[in-house]
Amino acid sequence: MQFWDVREFPADYGDGTAVFLSVCVSEWNTPGILYGKAARECTREEVVHEARAQCKDALNDTGKAVLNVDADLHSWCIDPAVTGLGGHTPRNREQLLVHPTGTL
């Protein structure tokens, strides 16, 4: 794995069958396909299920199930810097890393 090269992820986490999927939610204002709400209006759990639904929609488009049933989801985590989801003041206390034009 790109960022986990010092770990044997399946062996170090869970029962050896786990797969790690990391997702960056970049659009917080457009209603999603599962709840019809923008991510900023969703609870943390709803954001996870919405992101999973969108990944399944994109990855399972060939008829082969890349992401299986929701019961297969072992656990999840949203960056603790993301606060206030589902409330009046959602916020990300850490800026998104965007490289300036002309840099690598």
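**Questions on the predicted model**

Q: How many salt bridges does a search of the whole structure find?
A: The model is a predicted one. Side chains of opposite charge can pair when their charged atoms come close. A search of the whole structure finds a salt bridge count of one.

Q: Which side chain meets that of Glu 46 in a salt bridge?
A: Glu 46 is found in helix H2, residues 44–59. Leaving aside neighbours within four places in sequence, Glu 46 is in contact with Tyr 35, Lys 37 and Glu 41. The salt bridge, at 2.9 Å from N to O, joins Glu 46 to Lys 37.

Q: Is Glu 46 buried or exposed?
A: Buried means a relative accessible area under 20%. Glu 46 has a relative accessible area of 17%, so Glu 46 is buried.

Q: What is the relative accessible area of Lys 37?
A: Lys 37 meets Glu 46 in a salt bridge. Lys 37 is partly exposed, and its relative accessible area is 26%.

Q: Which residues make the nonpolar surface patch of about 220 Å²?
A: Val 23 is placed in the loop between helix H1 (9–12) and H2. Patch residues need over 30% relative accessible area, and Val 23, partly exposed, has 42%. The patch is made by Leu 21, Val 23 and Val 25.

Q: Which residues make up the largest nonpolar core?
A: A nonpolar core takes buried residues, and Cys 42 counts as buried at 1% relative accessibility. Val 48, another member of this core, touches Leu 73, Trp 76 and Ile 78, not counting residues up to four places away in sequence. The seven residues of the core are Ala 39, Cys 42, Val 47, Val 48, Ile 78, Val 82 and Leu 85.

Q: How many disulfides does the count come to?
A: A disulfide is a covalent bond between the sulfur atoms of two cysteines. Here the rule asks for a pair of cysteine sulfur atoms within 2.5 Å. Cys 24 is exposed at 70% relative accessible area, whereas Cys 42 is buried at 1%. The count of disulfides comes to zero.

Q: Which residues is Asn 60 in contact with, leaving aside its neighbours within four places in sequence?
A: Asn 60 lies in the loop between H2 and strand S1 (82–83). At 23% relative accessibility, Asn 60 counts as partly exposed. With neighbours within four places in sequence left aside, the contacts of Asn 60 are Cys 55, Ala 65, Val 66 and Leu 67.

Methods:
Residues numbered from 1 in each chain as written. Predicted model: local features only at pLDDT ≥ 70, side-chain atom pairs only at ≥ 80, totals over all residues. Heavy atoms only, no water. Helix = DSSP H or I, 4+ residues; strand = E, 2+ residues; numbered from the N terminus. Buried < 20%, exposed > 50% of the residue type's maximum accessible area, 1.4 Å probe, protein only. Contact = heavy atoms within 4.5 Å. Salt bridge = Lys/Arg side-chain N within 4 Å of Asp/Glu carboxyl O. Patch = residues over 30% accessible without salt bridge, like charges linked within 9 Å, V, L, I, M, F, W, Y side chains within 5 Å. Areas by Shrake-Rupley, 256 points an atom, 1.4 Å probe, with all protein chains shown as cover. Core = buried A, V, L, I, M, F, W, Y, C linked by side-chain atoms within 4.5 Å.
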